Every structure is written in C-alpha cells, then in structure tokens.
Amino acid sequence: MAKLQVVFLITVSLAAGLAQLGPDSPGTEGLIRLIGGTARGSGTVVVYHNRKWGKVCDDGWNLDAAHVVCKSLGFARALMAATASHFGGDFSDYDFWLDDVRCAGSEMRLTECQHASWGVHNCHHNENAGVFCVPFSMESLALQTIPAEPEQTKPNSNVSPSSTPGPKGQIKDSQNNNSPNDEVKPKQEKVRRKFPTVYPVRLANGRTPNEGIVEVEIDGKWGIICGDDWSLMEGMAACKQAGLGYAKQAFDVSPFGGTDKVKVLSGIRCEGNEETLSECHHGGMERDVSCSSTEKIASVICTKVLPDLVPNATLVQESSYLQDLPMYYIQCAMEENCAAKSAFTIRETYPDWHLHRRRLLRFSTSTWNFGTAEFRPKARKEEWEWHLCHMHYHSMHVFASYDLVDEHHNRVAQGHKASFCLEDVQCKPGIEKKFHCTGFGDQGISVGCADDYLHDIDCQWIDITDVPPGKYFFKVSLSGFSSL
C-alpha cells in the first residue's frame, strides 16, 4: 500500500507548563514562562523582572501579543490569546509586571512591545493574560500529499512516526464499501440554475404568522416549492426574506397541508448565508418543476431568536498537524468510535494490536455563538451519558462531525466530537460566563461566548491512516449544520 506523506513544519518547543515555578524562582531578565496550563504550550504568561516573576494584565491583550510570546518560547504561533484568568489557579503571589501591552506581532520578545512602566497597572487577579500555542504547523490544510513507493509492512513491525503502516489486506470503507484503491466515480449532480430576479416570498396555512408553507410569487401568481432537498439551509433564506428571523425547523413534507396548491419551484439549494431564496440555486421553475411526490412541500417554522454556532476556520487551519500514535493510547477514544473501521479490525485480529500505529489529523476548534439565543443540549441532565473510560458526561451524542472529502465530494475519512463538556470557555468583553461543566453543572454556549476543544483532546482528530495520496477538503458540521 502506498504510504501517505504530508509535508509540514515542525517547530521544537522549549517550553512546557512549569507548574512548580514560583514568583521567587531564578530566571533571567525579560524571560517568559507559562504556568497553570493543562496542555503543552498553554498557560498564564509570567515574565521575569528585577529578580522576580510577575504576571501580565489582559488589558489590550490580543493575538499579536500572544504570537510574540509563543514564538519567543519556540512555538510556531499562537492559537488564542486567553484573557480573564482563563487558566484559573491561585496566582495571587504574583504581582503584575506588565499592563497595556501593545505588540505588532513581529517583535522577538514581549518586552520589546509597548507597555506601561514596569509594575504600573490597574488590574485585579482575575485579569491574567495567557496563551494557547501551536506546536506544529502544516503548510496546507488541503493535505497536499506525496505518494511514496509501495512497501510491504508487517502488522507487528516497529515503525517510526514517519512511516505509519496501513491495515493488513484491503479494509473497505464503512460509508461506500469501497477499498482505498477502488476507482471512485463522480456523483451525478443535478443541474441547478440561478434565479433571474428576486421573487417575493410568504408563509401560508400556518397556525401563526411565523410558520407555514413557503409560497413564491412568479409572474404575478403564487405557488409552492417542492420539498425535495429542502433543509434548514433553504428554510433560513426563506425566513430571512420574509422578515421572520431564522429557521427553527424545516419540513420537506408539509404538516400544514397544501397538496392542492401548484408547485412553481423545485431543487432549491442554499448555502445558509443567503438573505433571500432568490440568491440560492434551483433545479426547475414553473413548467420545468420536478418533484418526487405530491406530499413533498417545502415548509418552515421561523423564530426571531436562535443560536448561531460559528467555528473559527482560521484556528482549525493553523492548528492542524499530523500525529502517529500506537493504538494503546487511543483505547478510550475507540470506545467512542473515534477511529477508522480498520482500527477495530486490527484490534480483533492481532494480539499485539496495541502496538499498531494510527495516523491522526489533529486540530483545535473554537465554536462561537453569534446568534440571539443560548445554545443548549436538548437532552435533560438525567439523560446525559456517563463515559466511564474518560470519566465525564456526554450531554450530546455528537456535537461536531469532521469529514475529509475528495474533489467529487465523496467522504474518504470522518471523525466526530461528543459534547463531553459544552461550556463558555471564552466570552466577548462585558459578557459573563454562564455555563460551566464543573460539578455536573449546566452545559451550553451563551450568546457572545465560545466553547473550545484543543488539539490534544481525545477524538479531536480524523483517523486518516487508510486515506490514499491525494488532495482533500476538510468539512466541519455542527449539530447538523454544514459550517466549513
């Protein structure tokens, strides 16, 4: 089997979270360290000055300043600038050395940035500045792969991280039952066209003005839309155009009747960010309408308040890297099906399965709620699932889905993330964090806040061990919405 190789940069890190560092520990002038972080390259920033370590206040703290810190510590770049004492801890023994730090991002050391005089500040102990740093940086998220010469690898061979073995034999893909070397034929896509003009939209037959069948006026006559391919994406455009806010539910078979009405549109396809249905594409209009059933009628329920989850696409790209791990280290993750099908076949076949390596595409995600309502799991607390191996609760079966797709939109690898701790990790200035997982607390994401999953957490990956060389696209879906 051809080996999958990905060209990526490796930056050797000089810093880990030094939990034992005290304010009077020895150092050199201007030296930076991170304390209190749970992962390599993360923590509260402390700087050495006048024979003592001190903190940095988060007034004005941003990604440019975080970049300077991470690069000075030997990391590639910063994932995030943490504020409001993100890493917690009792650091009251540390005074504030720096405040109002302003960096351009090109400085080699934090002390080269503009800042208030040493020790002059107006900060409290809940205003510590921190960082999340990137240990590796891939040159391309699109996985520009280089095919190597085919080689035979024994299942129990000792392999280096740069030569991960594939499974023995041809393991068929769980989605399309094709082996990695099978020829993949392009899907037959429907021909879709743009609308020549903006057509009026209204809702009919609903119990309230915010729900009903979606009607469109074409050439002075009102008609309905075929429900084939109708989803929340299309419903969102309809609600926005009708001035009713957002789509709460979309139906391809109408609960509001309407089988006696004339269908004037079919094959509507929207991306989810359109303001009108006329910005979407369609498959047929008036005489060209094609519908699978008379019962298929596009309908929607609209609402003025709705959470809007938006992942940080830049963070996903900049934090992505490859890691080869023996299966011994992903046993808990495999209990949550966070590995490709071939991994489970190897576990059932070979006594030394735990020595076999998997190649993982790892990345961090930060999901913001930019909507007008809180995002909360539908399941009640008593319905949450306890995962014994990881020792935490799952409030949702799947919070995020990760897909690697080829140029024909065929899925070649997949991953997912259960919401084991859905909480307000960071919020916009002036917004108080509401959701906390500690002590079986309430889970959710407040408006103006974000939930973060860092690259070093179990299942925060796609198992690409069986993926053949090629160019692929990375897709993230949150709670059923295609988001990237």
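Tutor: Leu361 stands opposite Ile462, a residue of β30. The model is a predicted one, in which local features need pLDDT of at least 70 and side-chain atom pairs count only at pLDDT 80 or more, while totals for chains, interfaces and linings use all residues. Residues are numbered from 1 along each chain as its sequence is written, and side-chain values use heavy atoms, with hydrogens and water left out.

Strand β22 (residues 357-362) is joined to β30 by three bridges, and the two strands run antiparallel. Strands here are DSSP runs of E with at least two residues, and helices are runs of H or I with at least four, both numbered from the N terminus; two strands pair if DSSP finds at least two bridges between them. The pairing belongs to an open, antiparallel sheet of three strands in the order β21-β22-β30. Because β21 (321-326) and β30 (461-463) each have a single partner strand, they stand at the edges, and one side of each is left without a neighbour in the sheet. From one strand to the next, the twist averages 35°; such angles are taken between N-to-C directions and run from 0 to 180 degrees, the axes being lines fitted to C-alpha atoms, for helices over the stretch in contact.

Aromatic contacts come next. Rings of Phe, Tyr and Trp (its six-membered ring) pair if their centres lie within 6.5 Å; planes under 30 degrees apart count as stacked, over 60 as edge-to-face, and the rest as tilted. One aromatic cluster is formed by Phe363, Tyr402 and Phe474. Over the whole structure, the search finds twelve aromatic pairs. Phe251 and Phe256 make an edge-to-face pair, because their planes lie at 85° with the ring centres 6.2 Å apart. The pair of Phe399 and Tyr453 is tilted, since the planes stand at 50° and the centres are 6.3 Å apart. Phe399 lies in the loop between β25 (392-394) and β26 (400-405) and Tyr453 in strand β29, so this contact ties together parts that are 54 residues apart in sequence. Residues are called buried under 20% relative accessible area, exposed over 50%, and partly exposed in between, with a 1.4 Å probe and protein chains only. Phe399 is buried at 1% relative accessibility, as is Tyr453 at 2%. Phe256, with a relative accessible area of 11%, is also buried.

Two rings carry a charge over them, which requires NZ of Lys or CZ of Arg within 6 Å of the ring centre and within 35 degrees of the ring normal. The charged end of Lys55 sits over the ring of Phe96, 4.5 Å from its centre, and that of Arg202 sits over the ring of Trp222 at 3.9 Å from the centre.

Cys57 counts as buried at 0% relative accessibility, and Cys123 counts as buried at 9%.

In a further disulfide, the sulfur atoms of Cys239 and Cys302 are 2.0 Å apart. The torsion about the S-S bond of Cys239 and Cys302 is about -85°, so this disulfide is left-handed. Cys239 in helix α2 (residues 232-241) and Cys302 in strand β19 (residues 296-303) are 63 residues apart, and the pair links distant parts of the chain. Both Cys239 and Cys302 are buried.

Cys421 is joined to Cys437 by a disulfide with an S to S distance of 2.2 Å. At 115° about the S-S bond, the link of Cys421 and Cys437 is right-handed. Cys421 lies in the loop between β27 (411-417) and β28 (426-427) and Cys437 in the loop between β28 and β29 (449-453), so the pair ties together parts that are 16 residues apart in sequence. Cys421 and Cys437 are both buried.

Note on methods
A disulfide is a pair of cysteine sulfur atoms within 2.5 Å.
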